[in-house]
Amino acid sequence: MDQDAEKSFGPKPSVEDQPSHSWTTEQLGDYAKAQHQLIVDGENQLALVYWNLGMALTIARRQFPRGEWGPRLLSLGISKPRSSRALAIFRTFSAPEHLADKSVEQA
């Protein structure tokens, strides 16, 4: 029998389960760790999406006269903080493969 399973005092919850007040702190900790890993994995995928957005915004921005870029972003539904983050990631990493295993926060 797995030593970790013996320590958990029962079956480990899956990430699809919803936490319950009846769960032990060990079960809640295992669940929280699994949820955190899902977030990290998702963020790793998002870093590349941010890089692609930054590249598109860099190209598009050059086509707008001064003062027209901000309103254009708003009309596209892209917030200033999100566009700033995308542009920063694009400028920091010269190629998308340099983002391998990096979260948005790490990038």
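Let's start with Ala47. Setting aside neighbours within four places in sequence, Ala47 is in contact with Ile89, Leu99, Lys102, Ser103 and Val104. Contact here means heavy atoms within 4.5 Å.

Before going on, a word on the source. This is a predicted model, where local features need pLDDT of at least 70 and side-chain atom pairs count only at pLDDT 80 or more, while totals for chains, interfaces and linings use all residues. Residues are numbered from 1 along each chain as its sequence is written, and side-chain values use heavy atoms, with hydrogens and water left out.

Back to Ala47. Which residues make up the largest nonpolar core? There are 8: Ala47, Tyr50, Trp51, Ala86, Ile89, Phe93, Leu99 and Val104. H2 and H4 each supply at least two residues of this core. H2 gives the most, with 3 residues. A second, separate core has 5 residues, including Leu57, Trp69, Leu73 and Ile78.

A nonpolar core is a set of buried Ala, Val, Leu, Ile, Met, Phe, Trp, Tyr and Cys residues joined through side-chain atoms within 4.5 Å. Buried means under 20% relative accessible area, exposed means over 50%, and partly exposed is in between, with a 1.4 Å probe and protein chains only.

Next, Ser83. Ser83 sits in helix H4, residues 80–92. Is Ser83 buried or exposed? Ser83 counts as buried, because its relative accessibility is 2%. Leaving out residues up to four places away in sequence, Ser83 touches Leu57, Leu73 and Ile78. Leu57, Leu73 and Ile78 are among the residues of that second core.

Now Gln27. Gln27 lies in helix H2, residues 25–61. Gln27 has 11% relative accessibility, so Gln27 counts as buried too. What does the side chain of Gln27 reach? The side chain reaches the backbone nitrogen of Thr24, at 2.9 Å.

Finally, the whole chain. How many helices and strands are there? The chain has 4 helices and 0 strands. From the N terminus on, the order is α-α-α-α. Helices (H or I, at least four residues) and strands (E, at least two) are DSSP runs, numbered from the N terminus.

The chain has 107 residues, and buried ones make up 21%. Take the contacts with a separation of 6 or more: 53% of them join residues 24 or more positions apart. The accessible surface comes to about 7,900 Å², and 55% of that belongs to carbon and sulfur atoms. Those areas come from the Shrake-Rupley method with a 1.4 Å probe; for residues, only the protein chains shown count as cover.

Note on methods
A polar contact is a pair of N or O atoms within 3.5 Å; within protein, one must be able to donate a hydrogen and the other to accept it, and residues adjacent in sequence count only if both atoms are side-chain atoms.
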